[in-house]
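User: I am new to this model and would like a close look at one part of it. Could you pick a place to start and walk me through its surroundings?

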Amino acid sequence: MAMSREEIFKKVQAVLMDALGVDEEEVTPEAVIKDDLGAESIDFLDIMFRLEKAFGIKIPRGDLIPENVASDPNFVKDGVVTPQALAMLKEKMPHSDFSDFEKDPRLDNMSRLFTVKAIVNYIEGKMNQ
């Protein structure tokens, strides 16, 4: 049986609370996983593992968050994500909202694409395949 968006959000919220030791009211749809919830690089692997377990799905490496963008000279020039990389990110991350990032595509702002809402969108897409 398909899960409602609210059910998916509640499960994602519980995973993030457990993985990051944050309070329920901090895990809002707009919360940025790194900036607002304090996740570090190592936490992302743990979060993905917990999401797989909670939802009974497989998250292929690089599927939720594309890898190696920052280290590819075709994708980042002078700390700014190139139009080529932006197109690739949009294709690989249809679950993320790019409206703010497109206005200021500095590499430092890329973490803002990974929000609670983006995770819910991703899981919802996986569950409804």
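Analyst: Let's start at D35, which is partly exposed because its relative accessible area is 41% (buried means under 20%, exposed over 50%, and partly exposed in between, with a 1.4 Å probe and protein chains only). Please keep in mind that this is a predicted model, where local features need pLDDT of at least 70 and side-chain atom pairs count only at pLDDT 80 or more, while totals for chains, interfaces and linings use all residues. Residues are numbered from 1 along each chain as its sequence is written, and side-chain values use heavy atoms, with hydrogens and water left out.

D35 sits in the loop between α1 and α2; helices (H or I, at least four residues) and strands (E, at least two) are DSSP runs numbered from the N terminus. Setting aside residues up to four places away in sequence, D35 touches S111 and R112, where contact means heavy atoms within 4.5 Å. E7, by comparison, is 28 residues from D35 in sequence, and their C-alpha atoms are 24 Å apart in space.

R112 takes us on to a pocket. Among the 16 residues lining the second largest pocket, D97, D100, R112, L113 and T115 lie nearest its centre. A pocket here is an open set of points on a 1 Å grid over the protein atoms alone, where a 1.4 Å probe fits and protein lies on both sides within 12 Å along at least five of seven lines; lining residues have an atom within 4 Å of a point. This second largest pocket holds about 300 Å³ of space, a volume being the space filled by probe spheres set on the points, which are joined across faces, edges and corners. Both α4 (99-103) and α5 (116-127) give at least two residues to the lining of the second largest pocket. Sorted by class, that lining has 4 nonpolar, 6 polar and 6 charged residues (Ala, Val, Leu, Ile, Met, Phe, Trp, Tyr, Cys and Pro are nonpolar, Asp, Glu, Lys and Arg charged, and the others, Gly among them, polar).

T115, one of the residues nearest the centre of that pocket, is in the loop between α4 and α5. T115 counts as buried because its relative accessibility is 14%. Leaving out neighbours within four places in sequence, T115 is in contact with P29, E30, A31, V32 and I33.

The structure holds 2 aromatic pairs; rings of Phe, Tyr and Trp (its six-membered ring) pair if their centres lie within 6.5 Å, with planes under 30 degrees apart called stacked, over 60 edge-to-face and the rest tilted. The F98 and F101 pair is edge-to-face, with 6.5 Å centre to centre and 70° between the planes. F98 is buried at a relative accessible area of 6%, and F101 is buried at 4%.

Beyond four places in sequence, R50 touches V15, D18 and A19. After α2 comes G56, with a positive phi near 65°.

Finally, F44 also brings us to the largest pocket: S41, F44, I65, P66 and E67 lie nearest its centre among 26 lining residues. Its volume is about 740 Å³, and its lining has 16 nonpolar, 4 polar and 6 charged residues.
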